[in-house]
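Subject: The structure you asked about

Hi,

Here is the structure I promised to pass on. Have it open while you read, and my notes follow below.

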Amino acid sequence: MAEIIRYEQVDIHYNGALAVHDVSFSVAEGEILGIVGESGSGKSTLLKAAMGMLGREGLVTRGDIYYKGLDLPDISDKERQKISGAEIGMIFQQAGSSFCPIRRIGTQIKEMMAAHGYTDARAVEIEACELLHKFGFAEPKRIWASYPFELSGGMQQRVAVAAAMLLKPKILLADEPTSALDVTVQKQVIEEMLLARELFGTAIILVTHNIGVIRAMADTMLVLHQGKVMEYGKAKEILNNPQSPYTQKLLAAVPRLRRSALTYGQDSASQAS
Ligand SMILES: Nc1ncnc2c1ncn2[C@@H]1O[C@H](COP(=O)(O)OP(=O)(O)O)[C@@H](O)[C@H]1O
Ligand SMILES: [Mg+2]
């Protein structure tokens with residue numbers, strides 16, 4: 001499988017303080033990498049570095065993040081605008097970060113598509129409604145015409161995933177996409193992301209503190225602790241036979257009942273802390 005993104009020995013500082021140290025991994029076409037770690041371990045920082053979203057305080061101080069031969073921390077704003085969304089999609093913990101609450105979903109999707117050159121509003125609407133239908137929405141036209149505040153958080157997140165897939169990005173960066181949702185909706189969002197991979201071959205980097213979500217989705221996983229990689233490899237192998245003491249502790253905190261079954265429950269690793 002072709003490689004989509006590669007982090008090489010990445011260090012990231014905020015105001016001179018080290019937040020991420022010597023992190024390396026790569027993600028291939030259609031692969032789902034789960035990044036797991038306690039709050040503050042640097043998970044969001046890793047994703048933000050790829051998107052140029054570290055802000056004024058944050059800086060990649062060593063290493064590279066390659067996407068198609070581009071070193072992402074170094075590209076121009078113009079290049080970044082071109083690939084953000086279209087090649088690298090992003091899903092946030094709060095779907096509210098994806099949509100403005102008081103403007104219609106359809107209006108916002110049309111703007112997003114127009115910004116990437118898809119200016120035929122009617123064609124965009126048809127394609128968006130078809131995609132929403134594929135993702136299991138019974139009434140896509142109603143969603144298209146709604147305001148985000150009219151939808152539940154879970155619905156908004158499901159629409160955000162579908163909207164991100166309209167541009168058919170090669171990779172989706174998903175930062176705790178299910179953490180704010182209750183268990184049944186979590187399951188729907190997980191299934192939607194899996195379907196996105198199936199339909200479009202999209203790779204996904206999924207940040208979560210929920211081992212159940214990793215178990216349900218990830219091909220590979222990376223365990224992060226205080227900005228450093230504790231363990232990285234095939235998800236099944238690490239879940240069944242963790243090598244690092246930190247991962248062992250993290251997994252031991254997950255209730256046994258849940259560990260044995262394929263569930264998406266609140267068996268959160270943060271219980272370890
Ligand atoms: N804008 C920022 N300014 C200063 N420090 C930050 C900033 N964002 C994150 N950090 C610090 O970087 C570390 C990693 O944060 P983060 O990537 O948000 O962790 P996670 O997503 O795993 O919870 C934490 O110690 C956090 O306090
Ligand atoms: Mg975070």
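Predicted model: local features only at pLDDT ≥ 70, side-chain atom pairs only at ≥ 80, totals over all residues.

Before anything else, one term: when I say two residues are in contact, or touch, I mean they have heavy atoms within 4.5 Å of each other. With that in hand, look at R6: leaving aside neighbours within four places in sequence, R6 is in contact with F25, S26, D64, I65 and Y66.

Residues are numbered from 1 along each chain as its sequence is written, chains are lettered from A and ligands numbered from 1 in the order in which they are written, and side-chain values use heavy atoms, with hydrogens and water left out.

**R6 and its strand**

R6 sits in strand β1 (strands are DSSP runs of E with at least two residues, helices are runs of H or I with at least four, and both are numbered from the N terminus). R6 is partly exposed, at 26% relative accessible area. For that scale, buried means under 20% relative accessible area, exposed means over 50%, and partly exposed is in between, using a 1.4 Å probe and protein chains only. One of the contacts of R6, D64, is 58 residues away along the chain, yet the two C-alpha atoms are separated by 7.9 Å.

The side chain of R6 also makes polar contacts: one of 2.6 Å with the side chain of E3, and one of 2.7 Å with the side chain of E8. A polar contact is a pair of N or O atoms within 3.5 Å; within protein, one must be able to donate a hydrogen and the other to accept it, and residues adjacent in sequence count only if both atoms are side-chain atoms.

N15 has a positive phi of about 45° although it is not a glycine. You will find N15 in the loop between β1 (3–14) and β2 (17–28), where N15 is exposed at 65% relative accessible area. D22, also not a glycine, has a positive phi near 55°. D22 lies in strand β2 and is partly exposed at 35%.

**The ligand**

A backbone N or O atom of G40 lies 2.7 Å from one, a polar backbone atom of G42 is 3.0 Å from one, and a polar side-chain atom of T45 lies 2.5 Å from one. Taken alone, ligand 1 exposes 560 Å², and the protein buries 60% of that (areas come from the Shrake-Rupley method with a 1.4 Å probe, and for residues only the protein chains shown count as cover).

As for α1 itself, 7 of its 9 residues are buried, so the helix is largely enclosed by the rest of the structure. Those buried residues are K43, T45, L46, L47, A49, A50 and M51. Just after α1, G52 takes a positive phi of about 65°.

T208 is buried at 2% relative accessibility. Not counting residues up to four places away in sequence, T208 touches I35, V36, G37, K43, E176, V213 and I214. Its side chain also reaches the backbone nitrogen of N210 at 2.8 Å.

**Helix α4**

Which residues of α4 are buried? They are V124, E125, A128, C129, L131 and L132. Seen down the axis of α4, they fall within an arc of 160°, so they line one face of the helix (the arc is that of the directions from the helix axis to the C-beta atoms). On the other side, H133 and K134 are exposed. The cover over the buried residues includes α3 (105–115), α5 (140–145), α6 (153–165) and α7 (183–200).

After α4 comes G136, with a positive phi near 95°. F137 is in the loop between α4 and α5, and F137 is buried, at 3% relative accessibility. Leaving out residues up to four places away in sequence, F137 touches L132, I143, M155, R158, V159 and E192.

Happy browsing!
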